[in-house]
Amino acid sequence: MKKIIVLLLLLIVILNSCGESGTDPNKQLKNPFEMTWTADTIAYEGSMQTFLTSMWASSPNDVWIAGHNERSLGEIYHFNGSNWKEVDPMNDVPRSTKSINKVMGLTPNNIWMIGDRRAYTRKDLIINWDGTKWKEHNLNLQVRPISLFANRSNDIWVGCDSAVVLHYDGIKWERDKPKFNIPQGAEYFINGIVVKENIIFLNVAVYDIKGRRYIFYFVKGNIKNWIVLDSMEIKNPQSIIKWGNWGLSLGKEGGIYSFGDFGVWEYINNGWAHIIPINYTMQNVFALNKNYKIAVGVYGMVWFNNGSSWQQITKFFAPNGDIVITDAWSDGQEMFLLGHTTWPQKTIVWRGK
């Protein structure tokens with residue numbers, strides 16, 4: 001009898017884990033080149049900027065997108081499988097002008113968003129949706145949260161300007177600031193943060209105004225223990241680009257990717273491999289597994305890897321540059337691409353199935 005109960009419990013765990021992953025191992029992954037696509041345009045009434053750039057989904061019936069609107073309204077939308085609905089977290093937390101820089105979730109009832117308050121007594125905005133209401137984690141900081149990685153419910157990481165790192169252990173927040181050789185008067189911030197096997201990786205961007213150059217640091221470690229793995233200086237066309245300067249992403253298969261000017265890189269054997277070398281700025285990478293990866297960027301750039309090679313999905317290519325695609329998600333059966341027009345800025349979500 002005990003053996004039967006144990007087997008039943010094991011079966012429940014397996015079934016639940018399959019549901020959480022969003023993929024059915026028995027289903028063949030759909031080729032995005034063969035999908036039928038629908039485009040949803042989202043533009044807040046009377047606004048010139050509905051500029052939503054970040055996306056997270058648990059399934060095709062639970063998709064969140066967030067970003068910026070000059071009215072501080074129409075910055076967060078949720079898709080339930082049928083339609084998009086605006087979400088206003090300021091019904092639960094103090095209201096101010098704001099922008100959302102990143103959204104990432106753990107479950108449908110545990111969604112995190114970070115951004116910055118504008119013209120307010122503080123800059124930090126960190127909010128969490130529990131399926132019923134929004135909660136703000138008020139750290140009273142004069143730094144802007146820019147990058148986010150939700151690793152576990154008790155392991156949330158936020159990268160800010162001035163290279164401030166914030167960590168939430170489920171009870172309290174810690175604050176740290178890795179040490180770098182920053183030129184006087186330079187602006188600097190963490191534009192990428194991922195966690196792999198409990199090691200935190202950072203991409204730190206430095207704009208040296210006086211020196212008219214950019215400096216980038218690739219860093220790993222943990223609170224109070226950071227190591228600079230590599231650095232690069234971009235000053236002129238002859239500068240050597242070692243990895244993507246726009247940010248980092250972690251694939252579901254465990255791959256670490258960087259993206260930015262001149263394509264996409266993957267961190268392999270302690271070094272960066274330039275896996276998509278192109279003269280376009282790439283803005284994100286989503287990897288479902290080693291045989292299903294999507295990279296997106298400016299000019300409607302969408303590239304797909306089926307495990308053997310990268311190929312461009314030219315359907316979305318915009319040679320006049322009026323389409324920018326900033327994020328992607330797929331469960332292997334359906335695909336979502338998040339983008340926007342240049343001006344007036346309207347958000348477009350392409351849904352393939």
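Author: We will go from confidence and overall form to single residues and their partners.

Reader: How far can I trust the coordinates, and what is the average pLDDT of the protein?

Author: This is a predicted model, and pLDDT is the predictor's confidence in each residue, from 0 to 100. The protein averages a pLDDT of 92, and 93% of the residues score at least 70. Over residues 1-22, however, the pLDDT is below 50, and beyond near neighbours in sequence this stretch has three contacts in the model. Where pLDDT is low, the predicted coordinates should not be read in detail.

Reader: How many helices and strands are there in the protein, and what box do its C-alpha atoms fill?

Author: The protein has one helix and 28 strands, and its C-alpha atoms fill a box of roughly 70 × 50 × 45 Å when this is taken along the principal axes. To judge the overall form, one sets the radius of gyration beside the value for a compact globule: with 353 residues that value would be near 20 Å, and because the protein has 20 Å, the two agree.

Reader: How should I read a salt bridge, and which residue forms one with Lys98?

Author: One looks for a side-chain nitrogen of Lys or Arg within 4 Å of a carboxyl oxygen of Asp or Glu, and by this rule the count comes to 15 salt bridges. Lys98 forms one with Glu75, the closest N and O atoms being 2.8 Å apart. Lys98 lies in strand β6 (residues 97-107) and Glu75 in the loop between β3 (62-69) and β4 (76-79), so the pair ties together parts that are 23 residues apart in sequence. Lys98 is buried at 3% relative accessibility, and Glu75 is buried as well, at 2%.

Reader: Where else are salt bridges formed, for example by Arg95 or Asp169?

Author: Arg95 forms a salt bridge with Asp88, with the closest N and O atoms 2.9 Å apart, and Arg95 counts as partly exposed because its relative accessibility is 45%. Asp169 pairs with Lys172, where the closest N and O atoms are 2.9 Å apart, and Asp169 is partly exposed at 24%. Salt bridges can also be linked in a network, as they are for Arg117, Arg122, Asp124 and Glu136.

Reader: Finally, which residues form a nonpolar patch on the surface?

Author: Tyr207, Ile209 and Tyr214 form such a patch, with about 260 Å² of accessible area together. Of these, Tyr207 has its place in strand β15, residues 199-208, and counts as partly exposed because its relative accessibility is 31%.

Key: Residues are numbered from 1 along each chain as its sequence is written. This is a predicted model: local features need pLDDT of at least 70, side-chain atom pairs count only at pLDDT 80 or more; totals for chains, interfaces and linings use all residues. Side-chain values use heavy atoms; hydrogens and water are left out. Patches are made of residues with over 30% relative accessible area and no salt bridge: like charges are joined within 9 Å, nonpolar side chains (Val, Leu, Ile, Met, Phe, Trp, Tyr) within 5 Å. Accessible areas come from the Shrake-Rupley method with a 1.4 Å probe; for residues, only the protein chains shown count as cover. Helices (H or I, at least four residues) and strands (E, at least two) are DSSP runs, numbered from the N terminus. Buried means under 20% relative accessible area, exposed over 50%, partly exposed in between (1.4 Å probe, protein chains only). The radius of gyration is taken over C-alpha atoms; the globule rule is 2.2 Å times the number of residues to the power 0.38. Contact means heavy atoms within 4.5 Å.
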